[in-house]
Amino acid sequence: MKKIARFTFKFLCLVLSLNILQLSVSAERYYFDDDNFLVYQIIDGEVHITSNATGPYVEIPEEFDGYPVTTIDTHAFHINPDLEVIILPESLVTLESEAIAGCDNINSITIPAGVQTIGSYALGYDYVELYDEIGEKYSDFTIYGYIGTAAETYANENGFTFIALDDTTTETTITEETTTITTAQDWYESQYEITIDTLPDQITYSVGEELNLTGLQVSLVLYDQHGGTNNICSSVFPADLPDIFVVNTSEFDITEVGTCAIHISCTDAYQSFLPTNTVSFDVLVTESTTDTTTTAIIDSTYFGDINLDGKITMADIVYLDKAMLGAVDLNEAQTANADIYADGQLDAIDSLYLLKFMVNLVDSIPIEVS
């Protein structure tokens with residue numbers, strides 16, 4: 001009789017424990033916004049992201065249904081060719097293995113300071129053709145994070161570029177303009193930025209001569225709110241992409257002598273999604289025929305302003321790296337502004353010191369070579 005009572009007690013305990021366990025794991029739930037669809041579960045009072053169907057940009061909320069988002073499960077975002085930017089929540093603790101693997105268009109990611117565990121091949125890796133095993137890592141993948149955290153450890157162990165976000169705000173005055181340089185995560189509230197890669201072949205005209213923008217190339221970069229960058233398009237002729245770019249030539253008048261500005265901006269569709277800038281360059285109309293030139297009429301510029309947009313941003317580092325790879329050509333003013341190390345050569349040292357200046361590791365540029 002005692003054996004039966006003991007068995008009955010153990011059985012009831014087992015049933016009770018199974019019921020408690022069942023209650024701690026919710027059924028799959030769903031989150032929608034204008035562009036994204038996330039699937040999640042609540043496990044022991046914490047949210048696990050389990051799968052998704054997203055557009056190019058997704059920002060994961062810090063909580064669902066009052067529970068913190070702590071984990072991105074294995075394969076939650078893997079093999080998503082449309083995904084370009086993913087913003088992780090500050091509440092995140094764990095990135096499981098292969099959680100964001102196989103996303104070809106993610107070039108960088110910011111890892112919050114609270115992340116304690118990053119599983120093998122969680123991000124920065126591609127899959128082989130059949131998608132059944134991990135292939136090569138992405139050579140240009142960058143991880144933004146904090147010194148001494150799981151982000152730095154993962155980057156170092158896997159050979160990825162790591163940029164620390166631990167610096168503080170400083171203020172630097174250049175040519176009577178005050179430029180506030182903050183930590184990378186404070187630079188942007190998620191925005192597009194247009195840069196001029198190459199000026200048109202002709203920027204000097206005679207009266208009556210038609211405008212010709214052949215040779216003009218621009219790029220569009222998406223900066224996330226934590227300083228990550230993703231190239232939307234690189235070195236393209238804006239008129240070839242009317243769904244993205246608007247080229248405003250209304251100031252150009254073939255009957256008037258003088259300087260005219262050409263403006264390039266994003267379409268309303270893009271600007272309604274995220275803020276973007278407008279870039280401009282000048283062309284000159286003269287009374288008589290003159291030789292064309294590829295030197296733009298540009299206001300005063302300064303060291304670090306490689307793309308000649310009047311400010312120093314991550315876009316200048318991208319532009320300098322492209323120039324060193326031979327993807328774009330620098331004119332005389334750009335070459336002068338790019339010589340950050342002041343040794344008369346353009347190389348990786350210039351890019352390194354420009355980055356150090358932007359994150360406040362050096363106080364001023366150029367660096368005078370002793």
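Me: How are the helices and strands of this chain defined?
Reply: Helices (H or I, at least four residues) and strands (E, at least two) are DSSP runs, numbered from the N terminus. By that definition the chain has 7 helices and 23 strands. The model is predicted, and local features need pLDDT of at least 70, while side-chain atom pairs count only at pLDDT 80 or more and totals for chains, interfaces and linings use all residues. Residues are numbered from 1 along each chain as its sequence is written, and side-chain values use heavy atoms, without hydrogens or water.

Me: What makes β22 and β23 a pair?
Reply: Pairing requires that DSSP find at least two bridges between two strands. Strand β22 (residues 258-266) and strand β23 (residues 279-286) are joined by 7 bridges and run antiparallel, so they meet the definition of a pair. Within this pairing, A261 stands opposite D282 in β23.

Me: Why do β18 and β21 stand at the edges of their sheet?
Reply: The open sheet has 4 strands in the order β18-β23-β22-β21, with mixed pairing. Since β18 (204-206) and β21 (245-248) each have a single partner strand, one side of each is left without a neighbour in the sheet.

Me: Why is α5 called roughly antiparallel to α7?
Reply: Helix α5 (residues 314-324) and helix α7 (residues 348-358) pack at about 175°, with axes 10 Å apart. Angles run from 0 to 180 degrees between N-to-C directions, along axes fitted to C-alpha atoms over the stretch in contact. Angles over 145 degrees count as roughly antiparallel, so α5 is roughly antiparallel to α7.

Note on methods:
Angles under 35 degrees count as roughly parallel, over 145 as roughly antiparallel, 65 to 115 as roughly perpendicular and the rest as oblique.
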